[in-house]
Amino acid sequence: MTAVTDRQKLSYIASQAADARVNVELETEGMTLNIGPQHPATHGTLRIVAQLDGEQVIRAEPMAGYMHRGYEKLSEVRTYPQITTLVNRIDWLGSFANEVPFILAAEHLMEVEAPPRATWIRTLLFEMSRVAHMILFLGDMGVQLGAVTPVFFAFRDREFVLDQIEKATGGRFHPNFDRIGGLKDDLPKGWIESTKDSMQTVLTFCDQIEDLLLGSEIFQSRTRGIGVIPKDVAMQYGLSGANARGSGIDWDLRRDNPVGLAYPDLDWKVWTHPDGDSFSRFWVRLQETREAVKMIEQLCDGMPSGPIMAKVPRIIKVPAGEAYVATENPLGEMGYYLVSQGGLTPFRLKIRSASFNNVSIAPWLLRGVYVPDIITILGSLYFILGDIDR
Amino acid sequence: MGLGLVESGKMPKPLTKLLNTARSYSVWMYQWGLACCAIEMASAMGSPRYDIMRLGVIPLPASPRQSDLLVVSGTVTDKMAPAIRRLWEQMPDPKYVISMGSCANCGGPYWDSYSVTKGVDQIIPVDVYVPGCPPRPEALLEGVVLLQERIKHENPAERWTGEPIVVQ
């Protein structure tokens, strides 16, 4: 420790006194600002109660529960094929990605393995739902900052991805395509080629977003250095997905624990960014969209032939046991802890959704930021309300 | 236009027709996006493929006090229901409600859930029900067209002074 001179002490006291004088002159009154429960900037029905001092947030508390639909209790009275209909609607933008871990957990208990073609189509649709999810995020981030154009681009180009999902599964939004032991149907004729075309549209969209937002000075000054999550804090709060990778944590379940999906056969890269601010989270998601397109192209080219359904009994009864399967959803780690007692329905289904952990950092993160930055930070955290409340 | 004329119910027929046509093509839509349907509603508003504005529906008003139409899209939970009722009460008459999606219509896949309101029509009167889980954006456009038909054939005096019309 260095010795402090008298001169330094005096200058410190003088500066404190000057600050105090300014603070007395510009004294502010505390106020409580309620955002939500229904607000376009909160991606659904998140309510945020922020206590403000002037324009700075002293304390912000997210109030969840406006979208609680009781999934865990409902799945105790639904049969296994019925549950995929429900879990589609947890994270409604990446619907297919929600089905896969549940089906994998049930398959693990039943000791059934899906044939290779089914696994590849699952991975393909998984990545397509990720692309559809991320396109909306990339466009929506502009809206949080007051730029409305990107979201129109996003809705325009997202339709091309949704068209492909609809052609293959019959559902634009909620495919309900996964079955225990395989898939409902095979891919239609000519689907692979049209998917490749639509992926080119997505790549063009990514370039457009990069031109429109990423290089923009306003965008950079509103996101760089704002909402910084250090690596250790991100780990303490259990962040996952692009939020963790934006804080420099090199962790991706697709690479580190690829249960039952075709990721080990593909050539791709996990992107991380060391900064941990809003900009880095946006940047990581942009690169992930491109990486997903790369994966989809490889999956289209190397699609194996064969059956799409393993041999499973007509009435599905899962043997007694417990299984936890998690996959890397568009939002982060999505896991199902399935407890079965050998009946037609699960005994207990615990859902670990990514958004709940991702948004639980909000009180820590929003302390001391300015009011307009609340929206930017929450937008860059990117949560889906159904995924928080379930 | 004299509002007293409308309220007394003595509007001449041509004037009524003019008023109704004007009203049906300038519907300010307050969007209450709750769940999956909100994304399809946003597609209908934001996507150039659907473009709800070509029907004369103007989305994103600043406040419910400026809007004519409330679109409830998505799962209404018991915790959310009082807020919907409160904002519906803030809307000026004549006001219309479109219930979009199975959840808002009747509870949908959560028909036996402990926390979901089984239908938004339990708390506010609904004019048009759009079925589907979620309905396609085209289905919402169809619902808007049906609502515009209803506005065109309406007696403003009845609507503005009496109880809201309840759809059977």
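**Exercise 1. Locate B:Ser47 in this predicted model and decide whether B:Ser47 is buried or exposed.**

Solution.
Step 1. B:Ser47 sits in the loop of chain B between α3 (36-46) and β2 (57-59).
Step 2. The relative accessible area of B:Ser47 is 1%. A residue counts as buried under 20%, so B:Ser47 is buried.
Step 3. Apart from neighbours within four places in sequence, the residues in contact with B:Ser47 are A:Phe155, A:Glu159 and B:Ala42.

**Exercise 2. Describe the contact between chain A and chain B: how many residues does each chain give, and what area is buried?**

Solution.
Step 1. Chain A contributes 31 residues to the contact and chain B contributes 33 residues.
Step 2. The size of an interface is often given as the accessible area lost when the parts come together. Between chain A and chain B about 2700 Å² is buried, and carbon and sulfur atoms give 59% of this area.
Step 3. On the side of chain A, the residues that lose the most area to chain B are A:Gln38, A:Tyr66 and A:Phe155; together they make up 21% of what that side buries.

**Exercise 3. State how many salt bridges join chain A and chain B, and identify the elements of chain A that take part in the interface.**

Solution.
Step 1. There are five salt bridges between the two chains. A:Glu166 forms a salt bridge with B:Arg136, with the closest N and O atoms 2.6 Å apart.
Step 2. Across the interface of chain A and chain B, 15 residue pairs are in polar contact, both residues being at pLDDT 80 or more.
Step 3. On the side of chain A that touches chain B, two or more residues come from each of α2 (71-74) and α6 (149-169). The largest share, eight residues, belongs to α6(A).
Step 4. Sorted by class, this side of chain A holds 15 nonpolar, six polar and 10 charged residues.

**Exercise 4. Which residues touch the most other members of the largest nonpolar core?**

Solution.
Step 1. In soluble globular proteins, nonpolar side chains tend to be buried together.
Step 2. The largest nonpolar core has 147 residues, and B:Val72 and B:Ile84 touch the most other members. Helix α5 (residues 116-144) of chain A gives the most to this core, namely 15 residues.
Step 3. Beyond its neighbours within four places in sequence, B:Val72 is in contact with residues including B:Trp32, B:Leu34, B:Ile84, B:Val97 and B:Ile124.
Step 4. A second, separate core holds 22 residues, among them B:Met29, B:Ala44, B:Met45 and B:Val71.

**Exercise 5. Examine the backbone at A:Glu111, A:Tyr382 and B:Pro134.**

Solution.
Step 1. Most residues other than glycine have a negative phi, and most peptide bonds are trans.
Step 2. A:Glu111 is not a glycine, yet its phi is positive, about 55°. A:Glu111 lies in the loop between α4 (95-110) and α5 of chain A and counts as exposed, at 74% relative accessibility.
Step 3. A:Tyr382 likewise is not a glycine and has a positive phi of about 60°. Its place is the loop between α15 and α16 (385-389) of chain A. With a relative accessible area of 1%, A:Tyr382 is buried.
Step 4. The helix before A:Tyr382 is α15(A). In this helix (residues 371-381), nine of the 11 residues are buried, including A:Asp373, A:Ile374 and A:Leu381.
Step 5. The peptide bond from B:Cys133 to B:Pro134 is cis, with omega near -15°. B:Pro134 is in the loop between β5 (128-130) and α6 (137-152) of chain B.

Definitions and conventions:
Residues numbered from 1 in each chain as written. Chains lettered and ligands numbered in written order. Predicted model: local features only at pLDDT ≥ 70, side-chain atom pairs only at ≥ 80, totals over all residues. Heavy atoms only, no water. Helix = DSSP H or I, 4+ residues; strand = E, 2+ residues; numbered from the N terminus. Buried < 20%, exposed > 50% of the residue type's maximum accessible area, 1.4 Å probe, protein only. Contact = heavy atoms within 4.5 Å. Buried area = accessible area lost by both parts, 1.4 Å probe. Salt bridge = Lys/Arg side-chain N within 4 Å of Asp/Glu carboxyl O. Polar contact = N/O pair within 3.5 Å; in protein donor to acceptor, adjacent residues only side chain to side chain. Nonpolar A, V, L, I, M, F, W, Y, C, P; charged D, E, K, R; others polar. Core = buried A, V, L, I, M, F, W, Y, C linked by side-chain atoms within 4.5 Å.
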